[in-house]
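These are my notebook entries on one protein model. I looked up its surface, its elements, its core and its charged pairs, in that order.

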Amino acid sequence: MKTSGSQSAAVSRSVSRVVPEPTALKALAHPVRLRMLGMLRIDGPATATQLAVRLGLNSGATSYHLRQLAQYGFIEEAPHASRRDRWWRASHELTSLPASEAAGEALDLDIAFNQAALSQQVGQMQQALEEYAELPAEWRKATAADDIIIPMTADQAEALTKRLRDIILEAMRAAPPLGEAASRNPDMVPFYVMLHAFPYPGRLPHREGEEEP
């Protein structure tokens, strides 16, 4: 029996997420750990050996990074029929950072994490561009690289980014969990949505207490 579009749209699930404490955020702000966590979220459970092959690392280094992720609750052991190997899975589907009013070391950690995340995202965007010409036409139509600038107050900008996040989360709640989608629908692949929103650089004064060089 086929499920109608309206019935499918009505299905919704909770999306598990983690909001890291500063020490956990510091542990996560490492390009290899970010890639590992992304692989476990997208492709499902894996062993240190499997991840080492995919990352081009030795298994010792991979195991170390996995232990760091596990220590701060980003991943956990996954039940598996094999008792020879230790399997790992992601503990959450999303990592969320609340709007930061931090200062000092906490702000530095936020910046370090965002820098590591940005480097990974730029790499993914570059690879997507290299593969673009080979994509089926329907996936080229679904791909976007928009650059839109709108005059706004800070309150308006915050409201807009919240609405965009809510729309993306609504779509995520209506979709199967990552790692399970392909088994449920062979037409589904992970679709990467990045949201970068910020005041146009150079248009705002420095914060109080900071002087122009």
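I looked up the accessible surface of the protein and found about 15,800 Å², of which 54% belongs to carbon and sulfur atoms. Such areas come from the Shrake-Rupley method with a 1.4 Å probe, and for residues only the protein chains shown count as cover. The model is predicted: local features need pLDDT of at least 70, side-chain atom pairs count only at pLDDT 80 or more, and totals for chains, interfaces and linings use all residues. Residues are numbered from 1 along each chain as its sequence is written, and side-chain values use heavy atoms, with hydrogens and water left out. I then noted that buried residues make up 23% of the 213 residues in the protein. Here buried means under 20% relative accessible area, exposed means over 50%, and partly exposed lies in between (1.4 Å probe, protein chains only).

**Elements.** I recorded nine helices and five strands. Both are DSSP runs numbered from the N terminus: helices are H or I with at least four residues, and strands are E with at least two. From the N terminus on, I read the order as α-β-α-α-β-α-α-β-β-β-α-α-α-α. Among contacts with a separation of 6 or more, 65% join residues 24 or more positions apart; contact means heavy atoms within 4.5 Å.

**The core.** Which residues touch the most other members of the largest nonpolar core? Of its 24 residues, I found these to be Leu-28, Leu-40, Leu-51, Leu-66, Phe-74 and Ile-75. A nonpolar core is a set of buried Ala, Val, Leu, Ile, Met, Phe, Trp, Tyr and Cys residues joined through side-chain atoms within 4.5 Å. The elements α2 (22-28), α3 (31-43), α4 (48-55), α5 (59-71), β4 (87-90) and α6 each supply at least two residues of this core. The largest share, six residues, comes from α3. I also listed the contacts of Phe-74 beyond four places in sequence, including Val-18, Pro-20, Leu-28, Leu-37 and His-92.

**Ser-96.** I located Ser-96 in the loop between β5 (94-95) and α6 (105-131). Ser-96 is buried, with a relative accessible area of 16%. Leaving aside neighbours within four places in sequence, Ser-96 is in contact with Arg-17, Val-18, Val-19 and Pro-20. Its side chain makes a polar contact with the side chain of Arg-17 at 3.3 Å. A polar contact is a pair of N or O atoms within 3.5 Å; within protein, one must be able to donate a hydrogen and the other to accept it, and residues adjacent in sequence count only if both atoms are side-chain atoms.

**Salt bridges.** My search of the whole structure gave five salt bridges. Each is a side-chain nitrogen of Lys or Arg within 4 Å of a carboxyl oxygen of Asp or Glu. Side chains of opposite charge can pair when their charged atoms come close.

- Arg-13 and Glu-93 meet in a salt bridge at 2.8 Å, N to O. Arg-13 is in the loop between α1 (5-10) and β1 (17-18) and Glu-93 in the loop between β4 and β5, 80 residues apart. Glu-93 is buried, at 15% relative accessible area.
- Asp-43 pairs with Arg-54, with the closest N and O atoms 2.5 Å apart. Asp-43 lies in helix α3 and Arg-54 in helix α4, so the pair ties together parts that are eleven residues apart in sequence. Asp-43 is partly exposed, at 46%, and Arg-54 is partly exposed, at 38%.
- Asp-166 forms a salt bridge with Lys-162 at 2.9 Å between the closest N and O atoms. Both lie in helix α8 (residues 154-174), four residues apart, about one turn of the helix.
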